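Biologist: Please show me the sequence and the structure, so that we may go through them together.

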Amino acid sequence: MNTPSTPTDRSAYALGMTCLCHIEATRSPSLIDALADVSPDLGRLAIRFVYGEIYQRPHLSYHDRQLATVAVLAVLGNARPQLKFHIAAALNVGCSAAKIVELMTHLLVYAGFPTALNGVFAAKEVFDERQLHFTPTTTPSCPGDARYQAGMDALSRIDGHAGEAVMASLKGIAPDLGRFIVEFGFGEIYTRPVLELLERELITVAALAALGTATPQLRVHIHGLLNVGGTREQMLELAIHVAAYAGFPAAINATLAAREVFSERDAGGGDHGPSAPSG
C-alpha cells in the first residue's frame, strides 16, 4: 500500500515526479518534454495532482491503481497513447503480461468485444516495443450444463441473493440474455485463471464507473467488490482514482452509488446486496 501524506504544492510535485519516474521506469518522465512547448502547466498539474496527491493516498497499491487505470482507459477508448503508457506502467509495477491480457478479456463482458480486441492489440504493441516475449495459454471452456452451474456458483459468490434475482428479472422478457450472463459472463469469464476475483471486481467497478451508463450494475458490483474481500475504503479510493482518468462527474456518481450500497448493507446487516439485475 502507499503511505498516506498531506503534501504541500511543492512537495506534491516532488512526490509526483518520484512516483511518475517509478511508474514509467525512467529518470526523466516523457510527459514533461511532450508538453513543454504547448502546455507545461498541464504537465505540472498532472504530476502534482495525479501522481503527487492521488497516487500517494492509501488503500490502493500501485499495482491495483494501474489495473484500474488500464481498465478505465480501455473502456473509454479515446486515449490510446495513454492506454499504452499505462499498460507499460502496469508492467513496471509488477503486473504480468498475462494479467494485462486477461484484464482485456474480462472487459469484453462490460464493454464488448471491440474494446477487448483494441485493448489486446494495444497490449501487444507494448509487448513488442519492450521485446517482451509473451507466450499465451488457452483455457478450455466448461461443457454444457457445467458452464451454467459454474456461472451460477460464481454469480452467487459475488452477488449473493442478487444472483437469483438476475434470472427472475429477465425471465419474463429475455431469458436467453439471463442465461448468457450466467453461462458466458460468469461461467466462462469470471472462472478463468490469472486474475483473482477481487482484482476482477476492482476492474469491473472502475470500468463501470468510467462508462457512466450502467449505474444499477455499478451498484451491484460495488456489493460484489465488498463480498469478495474489498473494503469500503478501497471502493471510495477507487472512485477518487477514476477522477484522474474519467473526470470528477464519474467519480462523484460512483461515490454516490457507493453511499447507497453502504446504506443498504448497513440496513441489511451486511448482507450480499439488493435484488437487482447484474452482469
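Biologist: Which exposed residues lie on the face of helix 14 turned away from its buried side?

Modeller: Here buried means under 20% relative accessible area, exposed over 50% and partly exposed in between (1.4 Å probe, protein chains only). Helices (H or I, at least four residues) and strands (E, at least two) are DSSP runs, numbered from the N terminus. On that face of helix 14, the exposed residues are Phe248, Pro249, Arg259, Asp266 and Ala267.

Biologist: What kind of model is this?

Modeller: Residues are numbered from 1 along each chain as its sequence is written, and side-chain values use heavy atoms, with hydrogens and water left out. Local features need pLDDT of at least 70, side-chain atom pairs count only at pLDDT 80 or more, and totals for chains, interfaces and linings use all residues, since the model is predicted.

Biologist: Where do the buried residues of helix 14 lie around its axis?

Modeller: Buried in helix 14 are Ala250, Ala251, Ala254, Ala257, Ala258, Val261, Phe262 and Arg265. The directions from the helix axis to their C-beta atoms define an arc. That arc is only 145°, which puts these residues on the same side of helix 14.

Biologist: Which helices do the buried residues of helix 14 pack against?

Modeller: Contact is defined as heavy atoms within 4.5 Å. By that rule, the buried residues of helix 14 pack against helix 11 (197-211), helix 12 (215-227) and helix 13 (232-246).

Biologist: On helix 8, which exposed residues face away from the buried side?

Modeller: The buried residues of helix 8 are Ala150, Gly151, Ala154, Leu155, Ile158 and Asp159. Their arc around the axis is only 135°, so they sit on the same side of helix 8. The face turned away from this buried side carries the exposed residues Asp145 and Arg157.

Biologist: Are the rings of Phe113 and Phe184 stacked, edge-to-face or tilted?

Modeller: Rings of Phe, Tyr and Trp (its six-membered ring) pair if their centres lie within 6.5 Å; planes under 30 degrees apart count as stacked, over 60 as edge-to-face and the rest as tilted. This rule gives six aromatic pairs. The ring centres of Phe113 and Phe184 are 6.3 Å apart and their planes are at 35°, so the pair is tilted.

Biologist: How many residues apart are Phe113 and Phe184?

Modeller: Phe113 belongs to helix 7 (residues 113-129) and Phe184 to helix 10 (residues 175-189). Their pair links distant parts of the chain, the two being apart by 71 residues.

Biologist: What is the relative accessible area of Tyr190?

Modeller: Tyr190 forms a stacked aromatic pair with Phe186, at 4.6 Å centre to centre and 15° between the planes. Phe186 is buried at 1% relative accessibility. Tyr190 is also buried, with a relative accessible area of 5%.

Biologist: Which residues does Glu183 touch, leaving out those up to four places away in sequence?

Modeller: Glu183 is placed in helix 10. Its relative accessible area of 12% means that Glu183 is buried. Beyond those sequence neighbours, Glu183 touches Arg147, Tyr148 and Glu188.
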